[in-house]
Amino acid sequence: MAVYNPSTDDGPPSDAPIPLLTPYKMGDFHLSHRILLAPLTRNRSYSHVPQPHAAAYYSQRTTKGGLLIAEATGISDTAQGSHDTPGIWTKEHVEAWKPIVEAVHQKGGIFFLQIWHVGRASTYDFQPNGQAPISSTDKGITPGLEGVQWPPPRRLRKDEIPGIVNDFRLAARNAIEAGFDGVEIHGANGYLIEQFLKDQVNDRTDEYGGILENRSRFALEVVEAVTNEIGPNRVGIRLSPYTDFMEAIDSDPDALGLYMANALNKFNLLYLHVIEPRVVGARVLQGPKDEIPHQLLPMRKAFNSTFIAAGGYTRSKGNRAITDHYADLIAFGRLFLANPDLPRRYELDAPLNKYDRSTFYTSDPVVGYTDYPFLEEASEH
């Protein structure tokens, strides 16, 4: 068998296994390849209730032994921050998710649910009784950012924090009841957990603020509650220490990322999913064809279990990352959104559909959602 030389730019020779398409054992899960569907907000869950068309969307992107992470899903009625994002805190939500999960399982897929609380990244319109969003702080996002008039949040009292932790725990229990194989805790992208983690947002003076150990306390309490509820073999977490989503910035992201990678080890999590530093806001900074920034390498080396990298990956960069043992799995977002058969296209090195950014967050149940053609369909036109 020919050996793939990662120093070349052309990928593996034709008779070598494609690194992204090699099998991988993640805990008790036997994955048939290293390509996973990243959690992508799609705004098609009307009134925060998952809809039948989601079954078609996720089923299209399912391969036997492939891992999918469902879109960020609210843990409570205070967790939402945009229109038509799904929930998992009521019986109605659980029942609505069941046929969607079943559609993925029927095709042999492994399905995790990302659970989130947006914190201050919300408006009065999405909050019960029009109240202020909650956060680690009372500092708001700059009004007008992303075209939204963000209101000032309300700083959580210390005695309220256990209730939010419990909401994450119950959401994880509900996800398992709905049939999901596990959950991913959303600790990234400027939402509530990251509002506690990052020192440019968290200005608390109690044991949840100040030094890194204190700022990490809330995140680790959520991890502990969720793993105790459903088992660590069903739990992952997503972090983005280097990004500036929703003005969530840390003065020392290297220290934050490394501390969290080490602290998470004691919970025996299934995986750690981290966004690359090349993601700036909604933009991805593209370097040379196969360049891997390696800024996540200390986190990767520190964490004891499966490490997932996300952010601007292509076929060649993904192959290089797997070959260099920089990551175990690679999450693909926009490319998987536009190419429901992405693993097949990567296997054949086939052309990719172009994604249409204007339809990412519309409410249409088909357009920009389930109407991207498969390779066979594209070749017929």
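Let's start with helices α6 and α7. The axes of α6 and α7, the latter being residues 253–264, come within 11 Å and cross at roughly 25 degrees. Angles under 35 degrees count as roughly parallel, so α6 is roughly parallel to α7. The crossing is right-handed. Bear in mind that this is a predicted model.

Who touches whom here? From α6, we have Ala219, Leu220 and Val223. They meet Met260, Ala263 and Leu264 in α7. The residues of this contact divide into six nonpolar, no polar and no charged.

Now the barrel. Eight strands form a closed barrel. The order is β3-β4-β5-β8-β9-β10-β13-β14, and the pairing is parallel. Neighbouring strands of this sheet are turned by 25 degrees against each other on average, direction ignored. Back to α6, residues 217–230: this helix packs on the sheet. α6 touches β8, residues 182–187, and β9, residues 235–239. The direction of α6 makes about 175 degrees with that of β8.

β3 covers residues 35–37, and β4 covers residues 67–74. They pair in the parallel sense over two bridges. Leu37 has Leu68 in β4 as its bridge partner.

Last stop, helix α1, residues 53–60. Is α1 mostly covered or mostly open? Mostly covered: seven of its eight residues are buried. Those are His53, Ala54, Ala55, Tyr57, Tyr58, Ser59 and Gln60.

Methods:
Residues numbered from 1 in each chain as written. Predicted model: local features only at pLDDT ≥ 70, side-chain atom pairs only at ≥ 80, totals over all residues. Heavy atoms only, no water. Pairing = 2+ DSSP bridges. Helix = DSSP H or I, 4+ residues; strand = E, 2+ residues; numbered from the N terminus. Axes fitted to C-alpha atoms, helices over the stretch in contact; angles between N-to-C directions. Contact = heavy atoms within 4.5 Å. Buried < 20%, exposed > 50% of the residue type's maximum accessible area, 1.4 Å probe, protein only. Parallel < 35°, antiparallel > 145°, perpendicular 65-115°, else oblique. Left-handed = near helix turned anticlockwise from the far one by under 90°. Nonpolar A, V, L, I, M, F, W, Y, C, P; charged D, E, K, R; others polar.
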